[in-house]
Amino acid sequence: MSMVAGNWKMFEGPDPQALRTALGDLEHVVAPPYTRLAACVDAGLTTYAQSVHWEPEGAFTGEISVPMLQALGVHGAIVGHSERRQYFGETDTTVARRARAALDAGLNVIACVGETWEERESNDTETVLRIQVEAIRDACGEHERLVLAYEPVWAIGTGKTATPQTAEASHAFVKSLLDAPVLYGGSVKPENAEELLSQPSVDGALVGGASLDIESFVAICRTAASIRS
Ligand code: PEP
């Protein structure tokens, strides 16, 4: 498996129809902001939300539920992105609840884990990954629609990329805790996609910045497809 998912974050992102045309038959996932979900679904893109709540409805201002996403034809959701954890108080418990509810209702899930630079420097990477992955594992178990993303926080949006060896070691560790495909995320670009995606334990990429540009995103999807075949 080699999945490439584009996280558009809080950016409008590219024109969905133009992206669809440029992708052709290439496998892909896009996670646009909520206001663009319908346009992406309508354009025929494989579309995920950037988060999802665990309750079907209720007094949860600012949240969106699984049935609401399914009514739009959305295929899945990212949960636990480090920007949610860092800026919006997302915890291992809430990440696990989001993942569980989405899987139970039939959505696909990309659940994100990853250490900060301070944690890596103090040799706590494995401890942090273990806590994060075990929370997801305890809530969801192994699940055919569950994919993990290893995203070292220090590599997200910074231009710093984990070396292929660092990524491979972390992916292998994550897989030893939960048997699931693991995407790599952190400044993936067309120039570094091949060396990262060809690592044996790297099953794809979660791409932020480079997914906003049609040419770059398509190039990464093409690289993934060529490694897969
Ligand atoms: C992300 O948003 O998940 C991400 C990895 O961002 P970037 O590719 O910009 O580092």
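Guide: The crossing of α1 and α10 is right-handed, meaning that the near helix is turned clockwise from the far one by less than a right angle. Helices here are DSSP runs of H or I with at least four residues, numbered from the N terminus. This is a predicted model, in which local features need pLDDT of at least 70 and side-chain atom pairs count only at pLDDT 80 or more, while totals for chains, interfaces and linings use all residues. Residues are numbered from 1 along each chain as its sequence is written, and side-chain values use heavy atoms, with hydrogens and water left out.

The axes of α1 (residues 16–23) and α10 come within 10 Å and cross at roughly 35°; axes are lines fitted to C-alpha atoms over the stretch in contact, with angles from 0 to 180 degrees between N-to-C directions. On the α1 side, A18, L19, A22 and L23 meet I214, F217, V218 and C221 of α10, where contact means heavy atoms within 4.5 Å. By class, this contact has eight nonpolar, no polar and no charged residues (Ala, Val, Leu, Ile, Met, Phe, Trp, Tyr, Cys and Pro count as nonpolar, Asp, Glu, Lys and Arg as charged, the others, Gly among them, as polar).

A nonpolar core is a set of buried Ala, Val, Leu, Ile, Met, Phe, Trp, Tyr and Cys residues joined through side-chain atoms within 4.5 Å; buried means under 20% relative accessible area, exposed over 50%, and partly exposed in between, with a 1.4 Å probe and protein chains only. This core has 59 residues, and I136, L146, L148 and Y184 touch the most other members. Leaving out residues up to four places away in sequence, the contacts of Y184 include Y150, P152, H171, L196 and L206. A second, separate core holds twelve residues, among them A5, V29, Y48 and I110.

A further helix pair is α7 (residues 125–140) with α8 (residues 164–177), whose axes come within 9 Å and cross at roughly 40°. The two are therefore oblique to each other, the class left after under 35 degrees (roughly parallel), over 145 (roughly antiparallel) and 65 to 115 (roughly perpendicular). Their crossing is right-handed. Helix α7 contributes T125, E126, L129, R130, V133, E134 and R137, and α8 contributes S170, F173, V174 and L177. That contact comprises five nonpolar, two polar and four charged residues.
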